[in-house]
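Subject: Structure handover

Hi,

Here is the structure for you to pick up. My notes on it follow below.

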Amino acid sequence: MSDNRLPEAGERIAKLLARAGVASRREIERMIADGRIALDGKVLDTPAIKLDSLHGVTVDGKPVGKAEETRLFAFHKPSGMLTTEHDPKGRPTIYAALRNALPKDAGRVMPVGRLDYNTEGLLLLTNDGEMKRAMELPSSGVPRTYRARAFGDVTQAQLDELIEGVEVDGIRYGRIEANLERGSGRNRWIELTLREGKNREVRRVLEHLGLEVNRLLRIGYGPFHIGDLPRGQALEIKRGDVAGFKRELARGGRQ
């Protein structure tokens with residue numbers, strides 16, 4: 001830049017970089033705080049900058065390319081994997097599996113939310129940090145659907161009470177739709193749909209009801225479902241379906 005003044009028009013830099021698939025807005029703000037992002041050679045120290053484009057922006061000294069079309073992938077995460085890039089303890093992460101599961105042109109993708117180490121099922125990945133953030137926000141109300149196999153005694157009437165939400169150890173969990181699947185014995189399958197996705201929410205709520213969860217699968221996130229996708233495999237969701245979903249998110253519609 002020709003002087004020390006920063007632009008005041010356009011969109012916030014974190015939003016533009018998220019849309020370009022660099023990272024989520026929150027992660028980009030941390031990157032700015034760490035001095036990793038510059039504009040025309042000037043290291044930025046605030047995310048409150050507005051730009052019309054990413055021309056002249058670098059991340060770790062490398063120019064940022066134009067935003068690509070939004071892509072969304074469904075991955076069937078196995079249990080025994082962390083939803084992170086690196087683990088100090090050396091445990092397996094999803095990225096080792098994704099190297100073989102994703103197409104070669106997938107580029108950099110970010111997980112939408114997380115699945116615990118021992119939780120399996122649908123994990124969505126996208127190159128669009130803005131959409132990732134919108135899908136994760138509780139205010140967006142995007143439903144997540146799980147199947148839990150749990151040991152213990154529970155009735156449908158008890159599960160129906162979760163529709164009003166429940167407080168567990170001082171944490172308030174919102175509306176949960178839960179249905180006990182047909183069967184007999186004390187090891188039963190329960191399907192649950194929730195819209196907040198707090199840390200270990202399904203396990204904590206069912207444990208509060210006296211149940212021991214011994215298997216947990218996420219089968220749906222928004223309008224996307226795992227179907228018969230094999231464990232450890234990924235597929236790209238049709239771009240027309242992704243575009244329609246983004247429009248719904250922008251309108252604030254619940255899936």
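**Salt bridges and local features**

Arg36 is partly exposed, at 34% relative accessibility. (Buried means under 20% relative accessible area, exposed over 50%, partly exposed in between; 1.4 Å probe, protein chains only.) The model is predicted: local features need pLDDT of at least 70 and side-chain atom pairs 80 or more, while totals for chains, interfaces and linings use all residues. Numbering starts from 1 along each chain as its sequence is written, and side-chain values use heavy atoms, without hydrogens and water.

What does Arg36 pair with? Arg36 forms a salt bridge with Asp60, and the closest N and O atoms are 2.8 Å apart. (Salt bridge: a side-chain nitrogen of Lys or Arg within 4 Å of a carboxyl oxygen of Asp or Glu.) Arg36 sits in the loop between helix H2 (25–33) and strand E2 (37–39), and Asp60 in the loop between strand E5 (57–59) and strand E6 (62–63), so the pair ties together parts 24 residues apart in sequence. (Helices, H or I of at least four residues, and strands, E of at least two, are DSSP runs numbered from the N terminus.) Asp60 is partly exposed as well, with a relative accessible area of 45%.

How many salt bridges does the whole structure hold? A search finds 18. Two others are worth a look.

- Lys15 bridges to Glu11, with the closest N and O atoms 3.5 Å apart. Lys15 is partly exposed, at 26% relative accessible area. Glu11 is partly exposed too, at 28%.
- Asp128 bridges to Lys246, with the closest N and O atoms 3.0 Å apart. This pair links distant parts of the chain, 118 residues apart: Asp128 is in the loop between strand E9 (120–126) and helix H4 (129–136), and Lys246 is in helix H7 (residues 239–251). Is Asp128 buried or exposed? Asp128 counts as buried, at 2% relative accessibility. Lys246 is partly exposed, at 31%.

There is also a network. Salt bridges with shared partners join Glu69, Arg71, Asp105, Glu236 and Arg239. Where is Arg71? Arg71 lies in the loop between E6 and strand E7 (72–77). Arg71 counts as buried, at 8% relative accessibility. Which residues does Arg71 touch? Leaving out residues up to four places away in sequence, Arg71 contacts Pro103, Asp105, Ala106, Leu125, Thr126, Asn127, Glu236 and Arg239.

**A hairpin**

Strand E13 (residues 176–180) and strand E14 (residues 187–194) run antiparallel, and five bridges join them. (Strands pair if DSSP finds at least two bridges between them.) Which residue of E14 is the bridge partner of Glu177? That is Thr193. E13 and E14 form a hairpin, with six residues between the strands. Gly183, in the turn, has a positive phi of about 160°.

**Helix H6**

H6 covers residues 201–208. Which of its residues are buried? They are Glu201, Val202, Arg203, Val205 and Leu206. The list includes the charged pair of names Glu201 and Arg203. After H6 comes Gly210, where phi is positive, near 85°.

Best wishes

Key:
Contact = heavy atoms within 4.5 Å. Pairing = 2+ DSSP bridges.
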